[in-house]
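Colleague: Could you take me through how some helices and chains in this model touch one another?

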Amino acid sequence: MSIDAERLQLPLARPNVLDLAPLYEVLRREAPIAPVTTPAGDPAWLVTRYEEVKLLLGDKRFGRSHPEPEKASRISTSAVQDGPTGEYATEEADHTRMRRLLTPAFSAKRMRMLGENMERLVDACLDTLIAEHEQTGVVDLHRGLAFPLPVAMICGLLGVPEEDNELFASLSERMASTEIGAEAHQAREEFFRYMVGLVEGKRGQLGEDVISDLVRAQAEDESFDYVQMVRLCVGLLFAGHETTVNRIGLGVLFLLTDRSRWDALVADPDGRVDAVVEEVMRLGAPGDLGLLRYAKEDVDLAGVTIRAGDALVLSINAANRDVTVYSEAEEFNPDRPERTHLGFGHGAHFCIGASLARTELRVVFRALAQRLPQMRLAKELDQLQVRATLTGGVAELPVTWR
Amino acid sequence: MKVVVDQGKCVGAGQCVLAADDVFDQRDEDGLVDLLDASPPAERLADVRHAAAVCPASAIAVED
């Protein structure tokens, strides 16, 4: 296989929800920064090697905004990562303020303190699933655990009523959908209006939650734009459940499609869960694109010249399977010596929810291994319904332990 | 072993706390790194090195 001089069309079709298109390996070797056409039909660079992806994520010559947003390449066909975000002139200052506001609420220590609460929630989910299994013989781990746990946690942190979960989950699903065209953008508008209602409802009775913190900060800082604040709340609610729900699903699939992986975790859940979670973060590859950046100036890198304003799709999925960084990179091996990955990004935009996600994933996989050691998939991997969204993952996770 | 942190670079990701919570903490007010032990014992070297490796801002330096 070799790379054509012609532009590749994204997304590169994958064989199944766990594996990537074999072409990524060729790209890393022969064209680590390759010209592509985005799903939206515009030109961009696809970056596939660990070295360049990490470098670009930490490089201030690349940002998420664009000086002329209307001229910028469009990326996904959903309403998430579809184009530039934020104000070009104030991007860095806005981002610094946002991190300063949010970082304490998502700190590692605070997330650890939530751990016991998570354990109780997971146990309650498993109690319900076990009772249901006695009747039916098959239960859906997606509906019964992978979805409700992250939703409950992010609702508690942000101060969002949990009973709204069907509404915002459906808005998130439509907003991230890659197949419904303009309706995805309509969903984003609806999500915005929902959040305005929530914000205004809180204003008279602000509490100890992240949305209340943001409302207070916005009221006190006239450079903090209202629309920007509401969008941030939408982003937190979207990212706070969508990503972890998918990651739990992918992790269960990695573990159950090869019995030896699952048995190894079952043999020592406390000792092995942390390494298993990191490997799920490395290999789990939700969605078919990557993180989006726009160049602020001309940059020569890896044999190509990136022009100011060019769009770059940084493939975290491909970088995390780079054979020059990981031995037997495609293998699921929690015992591997390489302990770092780009599953939460890198640099200034490093996932603010990383400690939350890690804590949730550790609690979930430890509890599953302890309480359901006989668990196995009730459907073949290829029969599972894959979500047609930017964030990917599966829509169902039928399991049995009979 | 000597550990140096750069609070100017720190993005408050808290990865170091998860790796070695006897050496690193996050400040309550802004979530930035708080170095608890600038000269941890040698047996902590592996975890402290790991903390430096996973830091998304490269804000931790370790000298043997």
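Some questions and answers on helix packing and chain contact follow.

Modeller: This is a predicted model, in which local features need pLDDT of at least 70 and side-chain atom pairs count only at pLDDT 80 or more, while totals for chains, interfaces and linings use all residues. Residues are numbered from 1 along each chain as its sequence is written, and chains are lettered from A and ligands numbered from 1 in the order in which they are written.

Colleague: How are α10(A) and α11(A) oriented to each other?

Modeller: Helices here are DSSP runs (H or I, at least four residues), as strands are (E, at least two), numbered from the N terminus. Axes are lines fitted to C-alpha atoms, for helices over the stretch in contact, and angles run from 0 to 180 degrees between N-to-C directions. The axes of α10 (residues 226-256) and α11 (residues 259-267) of chain A cross at roughly 105° and come within 5 Å. Angles under 35 degrees count as roughly parallel, over 145 as roughly antiparallel, 65 to 115 as roughly perpendicular and the rest as oblique, so α10(A) and α11(A) are roughly perpendicular.

Colleague: Which term describes α6(A) relative to α14(A)?

Modeller: Helix α6 (residues 148-158) and helix α14 (residues 354-371) of chain A have axes 11 Å apart and pack at an angle of about 140°. That angle makes α6(A), relative to α14(A), oblique.

Colleague: How many residues does chain B bring to the contact with chain A?

Modeller: Two residues are in contact if their C-beta atoms, placed from the backbone, lie within 7 Å. Chain A gives 17 residues, and the number from chain B is 17.
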